[in-house]
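Okay, thanks everyone, let me get the structure up on the screen.

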Amino acid sequence: MLGIPAATRRLQSAGPILCYHNVVPAGYDGIGVAGGHMPRDTFERQMRWLVKHYTVISLTEFVDKLERGASLRSTAVIAFDDGYTGVFEQAAPVLRALGIRATVFVVAEAVGRSEGFWWDQPSIANTVTASRLEGWLTDLRGDDEAIVREAAPQGRSRLPRSHLPADWHTILGWLGKGIEIGVHSSTHRCLPMLTDAELDHEIEDSRVAVHHATGVWPQFFAYPYGHCDARVRERVRIAGYRAALSLDPGLVCAGADAWTLRRINVPAGISDAAFEAWTAGLQATEGV
C-alpha cells in the first residue's frame, strides 16, 4: 500500500473529520471502553503527521467550504466527543502548539460531574458484548443511569481525573484558544429511541445550557452513539444548528448532507500506517 494513501488524498475532492474521545497521560489508556482513551504521545505523533500532509481547519471553516461548494481536498478537521477533562489538559496544549483548531462536543448535563460515563466503568467495559450493547441502546435507550443500575449494581468505580467530564471553568479557559464547543446532547441518550418532548430536551435545552455557561451559541451537534434517523435529523436542523455529525465512517464530499456529516472514529490503538490510510478514506479493520 506504499503511496496509496497519499495518491488517494491528492485525487479526492473530500476531507476527513477525525473523531477522538479522550487523550490521557501515559499508562491511563487501558481504563474504560476499548479504544476510547488515547495516550498523549500517540495523539501528538498523529497531529504532527497530519499538519504535514493536510490543511487542518476548524469545523466552522470546513462547513463554510461545504456550503460554498468549495473543494475539501486535503483538508481535515479534529473533533472530540463527550468533553473529557483529558481533552483539555492533554490534547488541547498539543493542538495549540501546532496551531490546530478543534471542536469539543460536550454532554451538557455531564459537565463537571464527579462520576464517569457508564462505558468507562471497568465492570461494564470488560463484559460488554454486541448483543448487550444493542439492548442497552434500545431497551434502555442509552440512558447512563439505567445502564449502570443494570450492568454495575455495585455502583460506579472511582476514575482518574482525565476520564471525568471537564468542568465549565476548564472549558471556558480554552475558549478562544483554538477550541470551539459543540453539543453532544443533554444526557447522551440514544436519540431515535426518545419521544419528541425528550428530543427537545436533548437537542434544544442542551444548546441553551451551553450558551448560558459560555456565552456562545453552539453551531454544531454530534449525535450520541452516532445514532440518528430522519426525525432526529429534522429536529436538529430546526433547532438552529448549522450542521450535525454522525459516526458513519468515510470522508465528507461536496454536496454532503450537513446534518449527517461522516466522521472517522480514531481508536486509541490504531497503528501509524492505519491512521494514514484511514485519513485518506481507506478505512479497514486491520492495523488497529
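So, one reminder before we go in: this is a predicted model. I'll start with strand 2, residues 17-20, which runs parallel to strand 12, residues 264-265, with two bridges joining them.

Who does tyrosine 20 pair with in strand 6? Its bridge partner is phenylalanine 80.

Now the side chains. In a regular strand, they alternate between the two faces of the sheet. Here, Ile17 and Cys19 point one way from strand 2, Leu18 and Tyr20 point the other way, and all of them are buried.

That brings me to the core. The largest nonpolar core has 86 residues, and the ones touching the most other members are Tyr20, Phe43, Leu50, Ile78 and Phe80. Helix 4, residues 85-98, gives the most to this core, six residues.

Next one up is asparagine 22, in strand 3, residues 22-24. Buried or exposed? Asparagine 22 comes out at a relative accessible area of 1%, so we call it buried, the cut-off being under 20%. And what does its side chain reach? One end of the story is the backbone nitrogen of valine 87, at 3.4 Å; the other is the backbone oxygen of serine 162, at 2.9 Å. Setting aside neighbours within four places in sequence, asparagine 22 is also in contact with residues including Gly36, His37, Met38 and Tyr84.

Last stop, arginine 231, over in helix 10, residues 230-238. This one has 29% relative accessibility, so it counts as partly exposed. Its side chain makes a polar contact with the side chain of aspartate 196, at 2.6 Å. Not counting residues up to four places away, arginine 231 touches Asp196 along with Leu191, Pro192, Leu194, Thr195 and Leu199. And for a sense of scale, arginine 231 and proline 122 are 109 residues apart in sequence and 34 Å apart in space, C-alpha to C-alpha.

Okay, that's my tour. Over to you for questions.

Definitions and conventions:
Residues are numbered from 1 along each chain as its sequence is written. This is a predicted model: local features need pLDDT of at least 70, side-chain atom pairs count only at pLDDT 80 or more; totals for chains, interfaces and linings use all residues. Side-chain values use heavy atoms; hydrogens and water are left out. Helices (H or I, at least four residues) and strands (E, at least two) are DSSP runs, numbered from the N terminus. Buried means under 20% relative accessible area, exposed over 50%, partly exposed in between (1.4 Å probe, protein chains only). A polar contact is a pair of N or O atoms within 3.5 Å; within protein, one must be able to donate a hydrogen and the other to accept it, and residues adjacent in sequence count only if both atoms are side-chain atoms. Contact means heavy atoms within 4.5 Å. A nonpolar core is a set of buried Ala, Val, Leu, Ile, Met, Phe, Trp, Tyr and Cys residues joined through side-chain atoms within 4.5 Å. Two strands pair if DSSP finds at least two bridges between them.
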